[in-house]
Amino acid sequence: MGLQVKEIYVNLPVKDLEKSKSFFNSLGFEFHPEMTDEKAACMIAGENIFVMLLTEPFFKTFTKKELTDATRNTEVITAISADSREAVDEMVNKALAAGGKASNDKMDNEYMYGWSFQDLDGHLWELVYMEQS
């Protein structure tokens, strides 16, 4: 077996860190206090999965490339699992109520159910529930 990753950190640039923290907090996410300050917030997405919300100026210190305007272009879709169809709907509805935007229509086939939204900065998030067979 090849490389086994112990943790994953997804880094996302955000325009307003406090608004982004409030948005994701309203979805039920918590933040790691020792890894959160005025430039970055470490959102706990799972036992070993973290999303680093970085202010755009701070994010730019990690790359020589230009930032993509996620409201107009897409570079990545962050897909996360849900425990049920109801949990998918609940999370997306919370995101929309908190100021997020609709992304795609619901996907419903024999083994997978999903729905997606855009966060305040236009980053795409997909919630997926897969039937266990």
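## Around helix α3

Just after α3, glycine 99 takes a positive phi of about 110°. Helices (H or I, at least four residues) and strands (E, at least two) are DSSP runs, numbered from the N terminus. This is a predicted model: local features need pLDDT of at least 70, side-chain atom pairs count only at pLDDT 80 or more, and totals for chains, interfaces and linings use all residues. Residues are numbered from 1 along each chain as its sequence is written, and side-chain values use heavy atoms, with hydrogens and water left out.

Helix α3 covers residues 85–97, 13 residues in total. From its first C-alpha to its last it reaches 18 Å, close to the 18 Å expected at 1.5 Å a residue. That expected span is 1.5 Å times one less than the number of residues. The buried residues of α3 are Val88, Asp89, Met91, Val92 and Ala95. They lie on the same side of α3, because they cover an arc of only 165° around the axis. The arc is that of the directions from the helix axis to the C-beta atoms. Buried means under 20% relative accessible area, exposed over 50%, and partly exposed in between (1.4 Å probe, protein chains only).

An α-helix has 3.6 residues a turn, so residues three or four places apart point the same way. The face turned away from the buried side of α3 carries the exposed residues Glu86 and Ala97. What covers the buried residues of α3 includes α1 (17–26), β8 (112–118) and β9 (124–130).

Strand β8 is largely enclosed by the rest of the structure, because 7 of its 7 residues are buried. Met112, Gly114, Ser116 and Gln118 point one way from β8. Tyr113, Trp115 and Phe117 point the other way.

Two strands pair if DSSP finds at least two bridges between them. Strand β6 (residues 101–102) is joined to β8 by 2 bridges, and the two run antiparallel. Here lysine 101 has glutamine 118 as its bridge partner. Strand β7 (residues 107–108) also runs antiparallel to β8, with 2 bridges. Aspartate 108 stands opposite tyrosine 113. A hairpin of 3 residues joins β7 to β8.

Between β8 and β9 there are 7 bridges, again antiparallel. Tryptophan 115 stands opposite leucine 127 in β9. The hairpin of β8 and β9 has 5 residues between the strands, and glycine 122 takes a positive phi near 90° there.

## The nonpolar cores

In soluble globular proteins, nonpolar side chains tend to be buried together. A nonpolar core is a set of buried Ala, Val, Leu, Ile, Met, Phe, Trp, Tyr and Cys residues joined through side-chain atoms within 4.5 Å. The largest one has 23 residues. Those with the most contacts inside it are Phe24, Leu27, Met43, Leu53, Val88, Phe117 and Trp125. At least two residues each come from β1 (8–14), α1, β3 (40–46), β4 (49–55), α3, β8 and β9. Which element gives the most to this core? It is α3, with 4 residues. Apart from this core lies another, of 6 residues, among them Cys42, Phe50, Met52 and Leu54.

Contact means heavy atoms within 4.5 Å. Leaving aside neighbours within four places in sequence, phenylalanine 117 is in contact with residues including Phe23, Leu27, Met91, Val92, Ala95 and Trp125.

## Aromatic rings

Rings of Phe, Tyr and Trp (its six-membered ring) pair if their centres lie within 6.5 Å; planes under 30 degrees apart count as stacked, over 60 as edge-to-face and the rest as tilted. The count comes to 6 aromatic pairs. One of them joins phenylalanine 23 and phenylalanine 24: it is edge-to-face, 5.0 Å centre to centre, with 85° between the planes. Phenylalanine 23 counts as buried, at 2% relative accessibility. Phenylalanine 24 is buried too, at 1%. Phe23, Phe24, Phe29, Phe117 and Trp125 form one aromatic cluster.

4 strands form an open sheet in the order β1-β4-β3-β2, with mixed pairing. Its edge strands are β1 and β2, and each pairs on one side only. Strands β2 and β3 run antiparallel and share 2 bridges. Glutamate 30 stands opposite isoleucine 44 in β3.

Methionine 35 sits in the loop between β2 (30–31) and β3. Is methionine 35 buried or partly exposed? At 33% relative accessibility, methionine 35 counts as partly exposed. Leaving aside neighbours within four places in sequence, methionine 35 is in contact with Tyr9, Ala40, Ala41, Cys42 and Met52. Methionine 35 and methionine 52 are 17 residues apart along the chain, and their C-alpha atoms are separated by 8.9 Å.
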